[in-house]
Amino acid sequence: MDFDADEFVLCSRYGELDDMQALVAHYLETHQISTDSPSLHVTLRDLFTRKSQSGHTALHMASANGHTNIVKYLLQHMTPGDVNMGNSTDNSTALHWAAVNGHMAVVEVLLAAGADATQKNLLGRSAVTVAEQQEHREVANILLKSFEVAEDDEREQVADAEPDDVADELQAAELNGGS
């Protein structure tokens with residue numbers, strides 16, 4: 001029996017974490033994959049990123065419906081690239097879905113997992129844009145603040161790229177050259 005991605009995505013949409021975990025456990029059992037197997041993480045990542053026939057992942061649906069517990073469960077085995085995966089209809093990410101529905105807690109979890117608030121869907125809209133269109137101002141503000149953090153991190157990386165003791169080195173060179 002193969003994994004039923006449609007059922008898994010539906011469970012995530014309706015907040016049925018126990019049913020999702022049962023589907024995963026059944027798949028692992030039928031494919032003889034133990035919980036201490038080195039391939040477990042890769043297998044779970046593959047299952048968690050599968051799209052339903054409607055073109056959505058479980059992360060999209062859990063995010064759209066504010067199921068923070070399910071979002072956290074899924075993110076355990078996903079990469080930042082997976083977090084930023086678009087759906088098949090308009091390339092909206094899980095962050096777009098959480099933002100458009102005003103799910104602040106989910107937005108915060110996704111941002112912490114590496115979601116890109118600047119990524120645009122096929123309609124040219126970022127998560128900030130869709131949050132603003134739905135008048136979810138607090139969500140839009142959190143998303144905008146994530147830009148500031150990214151800019152601050154970039155500035156810190158540039159500053160860290162230079163030696164801390166550049167001034168000392170210059171002064172020592174001047175002293176050595178002057179004697």
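Asp4, Glu7, Glu16, Asp18 and Asp19 together form a negative surface patch, where a patch is made of residues with over 30% relative accessible area and no salt bridge, like charges being joined within 9 Å and nonpolar side chains (Val, Leu, Ile, Met, Phe, Trp, Tyr) within 5 Å. This is a predicted model, in which local features need pLDDT of at least 70 and side-chain atom pairs count only at pLDDT 80 or more, while totals for chains, interfaces and linings use all residues. Residues are numbered from 1 along each chain as its sequence is written, and side-chain values use heavy atoms, with hydrogens and water left out.

**The patch**
- Asp and Glu count as negative and Lys and Arg as positive, whereas His and the chain ends are not counted.
- Asp19, one of the patch residues, has its place in helix H2, which covers residues 17-30.
- Asp19 counts as partly exposed because its relative accessibility is 39% (buried means under 20%, exposed over 50%, and partly exposed in between, with a 1.4 Å probe and protein chains only).

**The chain as a whole**
- The chain holds 11 helices and zero strands, helices being DSSP runs of H or I with at least four residues and strands being runs of E with at least two, numbered from the N terminus.
- Of the 179 residues in the chain, 39% are buried.
- Among contacts (heavy atoms within 4.5 Å) between residues at least 6 apart in sequence, 66% join residues at least 24 apart.

**Salt bridges**
- The count comes to three salt bridges, each being a side-chain nitrogen of Lys or Arg within 4 Å of a carboxyl oxygen of Asp or Glu.
- Asp2 and Arg50 meet in a salt bridge at 3.8 Å, N to O; Asp2 lies in the segment before helix H1 (5-13) and Arg50 in the loop between helix H3 (40-48) and helix H4 (58-64), so this pair ties together parts that are 48 residues apart in sequence.
- Asp82 forms a salt bridge with Arg45, with the closest N and O atoms 2.6 Å apart; Asp82 lies in helix H6 (residues 80-83) and Arg45 in helix H3, so the parts tied together are 37 residues apart in sequence.
- Asp82 counts as buried at 7% relative accessibility, whereas Arg45 counts as partly exposed at 33%.
- Asp46 forms a salt bridge with Arg50, the closest N and O atoms lying 2.7 Å apart, and salt bridges that share partners join Asp2, Asp46 and Arg50 into one network.

**Helix H8**
- In helix H8 (residues 104-112), the buried residues are Val106, Val107, Val109, Leu110 and Leu111.
- Gly114, which follows H8, has a positive phi near 105°.

Technical notes
Areas by Shrake-Rupley, 256 points an atom, 1.4 Å probe, with all protein chains shown as cover. Charge placed at Lys NZ, Arg CZ, Asp CG, Glu CD.
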